Amino acid sequence: MGALPVFRWRYAPDGYATRRQLRAQGLRPGGQDVAAQLARPRRRRGPLVAYLYRVDLAKPVRPMTPARRAALAKANAARRLCPSCGRDAGYVIPTSLGTCVPCAYPDPNGPEGSTR
């Protein structure tokens with residue numbers, strides 16, 4: 001296999017698309033290898049690179065089944081559950097904290113609030 005063709009940013013020929021562009025068309029790469037690259041030059045750093053896939057070899061996105069939808073809902077619910085207090089935080093718990101915000105930064109005045 002030879003080197004991939006490299007196109008300048010915004011100058012890719014028709015028939016090539018990034019993953020996001022394929023997804024917007026209801027397609028996926030479908031196991032094909034990267035067909036080309038886009039390179040956007042930057043000052044003082046290496047170029048930004050985007051991988052391109054051939055649209056004619058792309059396959060349709062697989063439909064969401066009820067089982068996949070349920071598994072996705074269960075996984076998202078688990079990301080909202082605080083491991084310390086066991087409550088639903090109402091938001092996805094940041095991995096940097098590992099717990100909900102009240103557990104990560106407890107109120108020094110206790111649950112009653114401030115003592116003014």
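Two strands pair if DSSP finds at least two bridges between them. Keep that in mind as you look at these close-ups of a predicted model.

**View 1. Strand E4 meets strand E5.** Five bridges join E4 to strand E5, which covers residues 48-54. These two strands run antiparallel.

**View 2. Cysteines without a disulfide.** A disulfide is a covalent bond between the sulfur atoms of two cysteines. How many disulfides does the structure hold? It holds zero. Take cysteine 85: its closest cysteine sulfur, in cysteine 82, is 3.6 Å away, which is too far for a bond. Cysteine 103 is in no disulfide either, and the nearest cysteine sulfur, that of cysteine 100, lies 3.5 Å from it. Both residues count as partly exposed: cysteine 85 has a relative accessible area of 30%, and cysteine 103 has a relative accessibility of 28%.

View 3. Which residues make the nonpolar surface patch of about 300 Å²? Look for Tyr91, Val101 and Tyr105. Tyrosine 105 sits in the segment after helix H3 (101-104). Its relative accessible area is 58%, so tyrosine 105 is exposed.

Note on methods
Residues are numbered from 1 along each chain as its sequence is written. This is a predicted model: local features need pLDDT of at least 70, side-chain atom pairs count only at pLDDT 80 or more; totals for chains, interfaces and linings use all residues. Side-chain values use heavy atoms; hydrogens and water are left out. Patches are made of residues with over 30% relative accessible area and no salt bridge: like charges are joined within 9 Å, nonpolar side chains (Val, Leu, Ile, Met, Phe, Trp, Tyr) within 5 Å. Accessible areas come from the Shrake-Rupley method with a 1.4 Å probe; for residues, only the protein chains shown count as cover. A salt bridge is a side-chain nitrogen of Lys or Arg within 4 Å of a carboxyl oxygen of Asp or Glu. Helices (H or I, at least four residues) and strands (E, at least two) are DSSP runs, numbered from the N terminus. Buried means under 20% relative accessible area, exposed over 50%, partly exposed in between (1.4 Å probe, protein chains only). A disulfide is a pair of cysteine sulfur atoms within 2.5 Å.
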